Amino acid sequence: MSASITPKQFSADIDNIHTDILWYPYSNVNMVVVTQVGKLGNLLQARQDEFSQTYSVDVLLGRRDDPLLEVCARQLIERLALAGDRRNLLLWIALKGETSTSTIQ
C-alpha cells in the first residue's frame, strides 16, 4: 500500500495574470509549483542552515541569470520557517513576462 500526497491547490492573480499554485507537503521537503504558463519552468532549491536563520538558494534547472527567481524562493522559505516549518523547499516556478519583485512579496 502506498501513501499518496494530495497537493493543496490555489489560484491567484499576480500582476493581473492568472497564477496556479500547488503545494506538495512531503515529509522531508515542501515542493511548490507556481506557474502562469501551465508548465513547471525553473527548479530552485532553498535550504535553511540547521543552526542559524541563514538561507541558501540554488538553481537546479533553468535560468541562472534571473535574481527574481531566487528572491521568490528565499521569500517563501523564510515565510515557511517563520510559520514553524523547517523543511527544505523545492520550487518550480514559471512566470510570464515581467513580474516585479514587490508583487511577489
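Gly97 sits in the loop that runs between strand 6 and helix 2 (101–104). Helices (H or I, at least four residues) and strands (E, at least two) are DSSP runs, numbered from the N terminus. Because its relative accessibility is 63%, Gly97 counts as exposed; on this scale, buried means under 20% relative accessible area, exposed over 50%, and partly exposed in between (1.4 Å probe, protein chains only). Gly97 and Ile17 are 80 residues apart in sequence, and their C-alpha atoms are 9.7 Å apart in space.

A word on the model before going further. This is a predicted model, in which local features need pLDDT of at least 70 and side-chain atom pairs count only at pLDDT 80 or more, while totals for chains, interfaces and linings use all residues. Residues are numbered from 1 along each chain as its sequence is written, and side-chain values use heavy atoms, with hydrogens and water left out.

**The sheet.** Strands of a sheet pair through backbone hydrogen bonds, either parallel or antiparallel. Here, 6 strands form an open sheet with mixed pairing, in the order 1-2-3-6-4-5. Strand 1 (8–14) and strand 5 (55–61) are the edge strands, each pairing on one side only. From one strand to the next, the twist averages 20 degrees (axes are lines fitted to C-alpha atoms, for helices over the stretch in contact, and angles run from 0 to 180 degrees between N-to-C directions). Strand 4 (residues 42–48) runs antiparallel to its partner strand 6 (residues 88–94), and 5 bridges join the two; strands count as paired if DSSP finds at least two bridges between them. Leu44 has Leu91 of strand 6 as its bridge partner.

**The cores.** Both residues of that bridge come up again in the nonpolar interior. A nonpolar core is a set of buried Ala, Val, Leu, Ile, Met, Phe, Trp, Tyr and Cys residues joined through side-chain atoms within 4.5 Å. The largest one has 18 residues, and those with the most contacts inside it are Val34, Leu44, Ala46, Ala73, Leu89, Leu91 and Ile93. At least two residues each come from strand 3 (29–35), strand 4, strand 5, helix 1 (67–82) and strand 6. Helix 1 gives the most, with 7 residues. Leaving aside residues up to four places away in sequence, Ala73 touches Leu44, Ala46, Val57, Leu89 and Leu91, where contact means heavy atoms within 4.5 Å. Another core lies apart from the largest one; it has 5 residues, among them Leu22, Met31, Val33 and Leu43.

**The salt bridges.** Side chains of opposite charge can pair when their charged atoms come close. The structure holds 3 salt bridges, each defined as a side-chain nitrogen of Lys or Arg within 4 Å of a carboxyl oxygen of Asp or Glu.

| Salt bridge | Closest N and O atoms |
|---|---|
| Arg47 and Asp58 | 2.9 Å |
| Arg63 and Asp66 | 2.1 Å |
| Asp85 and Arg87 | 2.8 Å |

The pair of Arg47 in strand 4 and Asp58 in strand 5 links distant parts of the chain, 11 residues apart. Arg47 is partly exposed at 28% relative accessibility, and Asp58 is partly exposed too, with a relative accessible area of 30%. In the second pair, Arg63 is partly exposed at 43%, whereas Asp66 is buried at 18%. In the third, Asp85 is buried, with a relative accessible area of 15%, and Arg87 is partly exposed at 22%.
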